[in-house]
Amino acid sequence: MPRSREPFASLLLYHLFKWSVVSPGLHLYFRGRVYGAGNVPKTGPLVVVSNHASDFDPPLLSCCVGRPVAYMAKEELFQVPVLKQAIALYGAYPVKRGSADRSALRAAMGFLEQNWAAGVFLTGTRTPDGKVTDPKLGAAWLAAKTQAPLLPVSLWGTHAIFRKGSAAPRSVPLTIRIGEVIPPPQAGDREALEAVTQQCAAAINALHDLGR
């Protein structure tokens, strides 16, 4: 029987990390603004889709939606004692290089079936300006398979946190906008997946265009 939401240990670790590290960093160092937090379903499976421009994006996104978000992490991190247990509780799952697409989708589906939120960057990789220009079908496929709703989120400003040659993150203003839930595709054919993918991309880019 799947849980109604994430296990207690994961929730505890999430809130400890959020309130001691991520939230203070977002609001004090990056002068962060968050809009649309009320749009986030607090329980049940959820596919969180966003743009991607920085390594800071996963913790920032999880912090702003108010619940743990499962993300892929490179397999090598799971070979470090203590760190392995900590990041697994936080929702990270190992992905082998060269097979990221297949293993990531299988792992994300497992989290969704246990009523977690699973994070998917719609472009599959970072973009220099944070815009979604070539969305992949993985998020829509996950939503179709699990019938989990999709939540579009825009991360504005994270592309400027690091500049070439900089050794430390820059104190740039960040804005996170959370859109309205998008229903999952009712069919798994390519046409249905593409339609929902484009809907997610349009929603994220519209939020991103609002700027600061």
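Trainee: Which residue does Asp55 meet in a salt bridge?

Mentor: The side chain of Asp55 meets that of Arg126, at 3.4 Å from N to O. A salt bridge here is a side-chain nitrogen of Lys or Arg within 4 Å of a carboxyl oxygen of Asp or Glu. Please note that this is a predicted model, in which local features need pLDDT of at least 70 and side-chain atom pairs count only at pLDDT 80 or more, while totals for chains, interfaces and linings use all residues. Residues are numbered from 1 along each chain as its sequence is written, and side-chain values use heavy atoms, with hydrogens and water left out.

Trainee: Where in the chain do Asp55 and Arg126 lie?

Mentor: Asp55 is in the loop between β2 and α2, and Arg126 is in the loop between β5 and α5. They are 71 residues apart, so the pair links distant parts of the chain. The element names refer to DSSP runs numbered from the N terminus: helices are H or I with at least four residues, and strands are E with at least two.

Trainee: Is Asp55 buried or exposed?

Mentor: Asp55 counts as exposed, at 57% relative accessibility. Arg126 is partly exposed, with a value of 46%. Buried means under 20% relative accessible area, exposed means over 50%, and partly exposed lies in between, using a 1.4 Å probe and protein chains only.

Trainee: How many salt bridges are there by this rule?

Mentor: The count comes to 5. Among them is the pair of Asp209 and Lys131, at 2.5 Å from N to O. This pair also links distant parts of the chain: Asp209 is in helix α6 (residues 190–209), and Lys131, 78 residues apart from it, is in the loop between β5 and α5. Asp209 is exposed, with a relative accessible area of 56%. Another salt bridge joins Lys136 and Asp134 at 2.8 Å. Lys136 is partly exposed at 39%, and Asp134 is partly exposed at 45%.

Trainee: Changing topic, what is the strand order in the sheet?

Mentor: The open sheet has 7 strands in the order β1-β7-β6-β2-β5-β3-β4, with mixed pairing. Two strands pair if DSSP finds at least two bridges between them.

Trainee: Which strands stand at the edges?

Mentor: They are β1 (33–35) and β4 (92–95). Each has a single partner strand, so one side of each is left without a neighbour in the sheet. The twist averages 30 degrees from one strand to the next. Angles run from 0 to 180 degrees between N-to-C directions, and axes are lines fitted to C-alpha atoms, for helices over the stretch in contact.

Trainee: How many bridges join β1 to β7?

Mentor: There are 3 bridges, and the two strands run parallel. Within this pairing, Val34 stands opposite Ile176 in β7.

Trainee: Which helices pack on the sheet?

Mentor: One of them is helix α2 (residues 57–65), which touches β1, β2, β3, β5, β6 and β7. The direction of α2 makes about 120 degrees with that of β6. Helix α5 (residues 138–146) also packs on the sheet, touching β2, β5 and β6, and its direction makes about 170 degrees with that of β2. Contact means heavy atoms within 4.5 Å.

Trainee: And what about the pairing at β3?

Mentor: Strand β3 is joined to β5 by 2 bridges and to β4 by 4 bridges. Both pairings run parallel. Ala70 has Ala118 in β5 as its bridge partner, and Lys74 has Val95 in β4.

Trainee: Is Ala118 buried or exposed?

Mentor: Ala118 is buried, with a relative accessible area of 1%. Leaving aside neighbours within four places in sequence, Ala118 is in contact with residues including Leu46, Val48, Ala70 and Leu112. The C-alpha atoms of Ala118 and Gly91 are separated by 8.6 Å, and these residues are 27 apart along the chain.

Trainee: One last topic: where does Ser23 lie?

Mentor: Ser23 lies in helix α1 (residues 8–29). Ser23 counts as buried at 9% relative accessibility.
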